[in-house]
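Work through the exercises below with the model open. Each task is followed by a solution in steps.

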Amino acid sequence: MKFGETFMEYLQGDQGKVSDKYSPHVEYKRLKKVLKSCRACRASALKESNSNGEEDDHETSNLCQFESCQLCDQKFFSELKKEASDIAGCFSSRVRRLLQLHTAPGMQKYLRQCFKNDQQAMMQECQILIEYAMMNAIAMQKILKKYDKVHCSVNGRNFKSKMRAERLEILQSPWLIELGALYLNFNESNGGKSNELFSQFSCNLSDTEPIMTLMFPDSVKLEYDLTCPICLDMVFNPYALGCGHLFCKSCACSAASVMIFQGVKAASKESKCPVCREVGTYANAVHMMELDLLLKKRYKQYWKERHASERAETVKQSRQYWDLQTRYVIGY
């Protein structure tokens, strides 16, 4: 079965009920029609040039590579970028809401469990979100590959790189790491018995290297390095900056010249990511709570040592800060 048919079945099928819950998706069928129209225009141009006695050389056969394609410039990339932005926004908001339900205060969680199977519902929502991310990512990859094939160009590949730089690549989202951690936490709470909903999804933390691996259908494999680029150790109390890079909270605060007790988001607007040097990434930092809980369960001794070390450093910084504040107020 061709991917276009598979994608349409996903959108209309039971497992994807995305039409109601997740309205934004890659308009694969419509964008494919745009490329079909562009291919027809290109063939017409080649036929006209040949009828005029022009040679069908390499330059002519690659017409769209050297001349801008107005149809695709207006209808293809602009629409695809908007769709990618909507998909990324929808995905992050839904994952955020799911995680908020999972970490709700005790009374709220108890009330929810009185009316429905809370954990089963969350597992189903997690599965829907993973399928949503995967199907749309594949659809975008396929349509960009078709664009390059029609135009004999690398514009589609460049567009994908641009989306990654603008953090619209859904498979690079830190929220996907949180979903993987959430699944593992659920799985361990069930005694390590994988839920049938995740028969095609596995996630492992290597014992030798701090890497989270997400396995999806069709042998698609994603790896996320859990090494802090500053301390070069496994991340502790991890935060993902707006650019997607992971750091320990203490390391991120140190790089931004703020106290640990003040928090990552207390960094100035001019603070840069220590890896990519992008400005303004601290304001949108994400606290990876599920990942932190996973590390706490898997590496208890390591987590206790790091917790004690960070707490001691926090107390030390707090004393220094308030000593300076007191001296400033009383004048000595």
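A salt bridge is a side-chain nitrogen of Lys or Arg within 4 Å of a carboxyl oxygen of Asp or Glu. The model is predicted, so local features need pLDDT of at least 70 and side-chain atom pairs count only at pLDDT 80 or more, while totals for chains, interfaces and linings use all residues. Residues are numbered from 1 along each chain as its sequence is written, and side-chain values use heavy atoms, with hydrogens and water left out.

**Exercise 1.** Find what joins the side chains of Lys82 and Asp86, and state how far apart they are in helix α7.

Step 1. Lys82 and Asp86 form a salt bridge, with N to O at 3.0 Å.
Step 2. Both lie in helix α7, four residues apart, which means about one helical turn separates them. Helices are DSSP runs of H or I with at least four residues, numbered from the N terminus.
Step 3. Lys82 is exposed, at 54% relative accessible area, and Asp86 is partly exposed, at 32%. Buried means under 20%, exposed over 50%, and partly exposed in between (1.4 Å probe, protein chains only).

**Exercise 2.** Which parts does the salt bridge between Arg30 and Glu83 tie together?

Step 1. The closest N and O atoms of Arg30 and Glu83 are 3.6 Å apart.
Step 2. Arg30 belongs to helix α3 (residues 28–51) and Glu83 to helix α7 (residues 77–102), so the pair ties together parts 53 residues apart in sequence.
Step 3. Arg30 is partly exposed at 38%, whereas Glu83 is buried at 8%.
Step 4. A network of salt bridges links Arg30, Glu79 and Glu83.

Key: Helices (H or I, at least four residues) and strands (E, at least two) are DSSP runs, numbered from the N terminus.
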